[in-house]
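Hi there,

Here is the structure I promised to pass on to you. Have a look at it first, and then read my notes below.

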Amino acid sequence: MTPVESVTQAEAWRNRLAALKDLPELWTLLWQAAPTPVAATIGLRVLGGLMPLGALYAAKNIFDLIALTARGQTIDLNSLWFWVAIEFALAAVSQVIGRAVDFFDTLVADRFSQSLGLKIMQHAATLDLQSLEDPDFNNRLERARAQSTDRVGMLTSAGWLLQRIVMLLSLGATILYYAPWVLLVLAISVLPAFLVESHFAFLGYSLAHRLTPVRRSLDYFLSLGSSREAAKEIKIFSLAPHLETKYVDLSTQLINQNTQLARRRLVWGALFALVAAAGYYGSYAFLVREAFLQRITIGTFTLLVGAVSGANGHLQMIFSLFSDVADQSLFLRDLMLFFRERPAIQSTAKACLPPRPIVSGFEFQDVCFQYPGAASPIFTGLSLHLQKGQRVALVGENGEGKTTLVKLMTRLYDPSSGRILLDGCDLKDFDVDELRKEIGVIFQDFIRYDFTARENIAAGDIAKLNDDAAIWEAARKSNAIELLENFPGRLEQMLGRRFEGGLDLSGGEWQRVALARAFLRDAQILILDEPTAALDPMAEYEVFQKFADLTQDRLSLFISHRFSTVRTADRIILLSQGRIAEDGTHESLMEAKGIYARLFELQASSYR
Ligand SMILES: Nc1ncnc2c1ncn2[C@@H]1O[C@H](COP(=O)(O)OP(=O)(O)OP(=O)(O)O)[C@@H](O)[C@H]1O
Ligand SMILES: [Mg+2]
């Protein structure tokens, strides 16, 4: 693996500028998430930003008044106390503003991460399976997901940036008014430090960006090495040292890259910080001379020294905050790119509802299909008619495309060429969501939700979450009823080991729970993709009896490698080399003595 390639300078700057284009979009997201707290924090920060100048101005007056008394002039004591009171009031108000800003920042952060998290979930749900299965896209999604929490720090930085800028401008205007040259010297001496900081911030980002795949691998090793699921194999095969070596090798690469960059940043950053410091002390020396020569009053001297030191401090902070914000805004690219990703599989404007009831069924017309990026096609001219009321079994060796066929029927993918019709209408003409509502499918890699038993079954039709009768009935059909009755918490039993009180199930038990999802759904099309592989023969027999009852006026398809079950189907379809190789009843296929007959004999003979 060579995770780190170099980026040209031009490319680097292009990326950086492109990232700034995302800021308005971020602003919209932020404003939508929490308009009132955002407005409040901005207002307060502007106000807070003016406080230091106010305090310095009050101090200037106090010093000047004292200097006058030192020269023997009489002054009005009340005006001295007035400025002291002003200074105290400003300090008190600053404190209150600081606390209020913290309060509103917390509100903004919470609401923003909530709304962003939700938006990510909502958007991911609309995307094509093809996008989600693509490793590049996954890298981006991974980075985007990290944004919803990591970018909250950026908001606080941006808030501080605003406040510091107000402080700098107000102090800068003061310096400009009394000593314009000082301002110029300060600005010039600090500029290189600013450029260096932002340059390294960018390099840091592009490194982090290029290392995302490495970090994903590291996360994978880490979770694999400490996962319950993998523990059995890792122990038996003594895989731990191998995983550890892989982990150390990769993470060392990561550390080396980061250290290299941090070292360069240290050297250049320190160098230009010295230049900035020289500018600051040069200005300071200049002001001392002016005061000594009595060209400025002692009050003005204090004001300017305070303003220069303040401006210098704020400028430094602005640079670091700005590079922080710029650095993080580069990460936003991934988030925005993720939000810009559009699904190809969408309902058209003229989309119609799928037929109810279905009359003639599914028809594949010369369908070809190839996974994006795959070397060879899965289907090369597949034609097939699936009628209603038939129990159809789909068989074929591993990798022949049985699951893929189901993905095409459910429009998780679209054919590369050819058409799939439902009652004579192209699947693409139906509303995607409505079409999927008509289909109850349990995939071979169904999900074991770490939820309650109730939610696990209701996943099949979440509208029936509180319909106990329907859930129990579905459980009866999938042979899960005894299991549920024996759970200490019955339907409310937490499943899986992730959460406290969760109960882990055997492979077959999980399958019975998952199967209940299909039975719960009031769908016209039922598809079971090897759903009974882990069931014991008795349970499988019973489930198929119930499946048979259920499929009388529906369109059903089941995929299985168990020929004892397959033989009970009304029609058996054998997939081979991208086409339908054999199609008929068990008897007719046995008579034909083709692939099916050979596979059947092979399995049967091992039982005799
Ligand atoms: N998302 C994907 N991207 C690229 N190739 C894929 C993808 N999913 C599956 N394939 C490939 O497509 C082929 C068919 O896979 P499919 O899952 O449809 O086979 P199957 O007949 O269901 O096999 P099994 O009996 O093992 O379940 C396989 O060679 C597989 O490697
Ligand atoms: Mg499969």
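The protein chain is divided into domain 1 (9-340) and domain 2 (450-522), with bounds that come from an automatic or database domain assignment. The centres of domain 1 and domain 2, taken over C-alpha atoms, are 49 Å apart.

Please keep in mind that this is a predicted model: local features need pLDDT of at least 70, side-chain atom pairs count only at pLDDT 80 or more, and totals for chains, interfaces and linings use all residues. Residues are numbered from 1 along each chain as its sequence is written, while chains are lettered from A and ligands numbered from 1 in the order in which they are written.

Now the overall shape. The C-alpha trace of the protein chain spans about 125 × 55 × 50 Å along its principal axes. Its radius of gyration is 35 Å, whereas a compact globule of 608 residues would have one near 25 Å (taken over C-alpha atoms; the globule rule is 2.2 Å times the number of residues to the power 0.38).

The protein chain has 22 helices and ten strands. These are DSSP runs numbered from the N terminus, H or I of at least four residues for helices and E of at least two for strands.

Helix H11 (residues 240-292) is worth a look. Its 53 residues should span 78 Å at 1.5 Å a residue, and the 74 Å between its end C-alpha atoms agrees with that (the expected span is 1.5 Å times one less than the number of residues). Among the buried residues of H11 are Phe 272, Ala 276 and Tyr 280; buried means that 20 or more other C-beta atoms lie within 10 Å of the residue's own, with 12 or fewer for exposed, partly exposed in between, and C-beta atoms placed from the backbone. Just after H11, Gln 294 has a positive phi of about 60°.

Next, find the open sheet of four strands, which has the order E2-E1-E4-E5 and antiparallel pairing (two strands pair if DSSP finds at least two bridges between them). Strands E2 (379-386) and E5 (425-426) are at the edges with a single partner strand each, so one side of each has no neighbour in the sheet. E1 (residues 362-369) is joined to E2 by six bridges, and Phe 362 stands opposite Leu 386 in E2. E1 also pairs with E4 (residues 417-422) over five bridges, where Phe 364 faces Ile 420 of E4.

Happy exploring!
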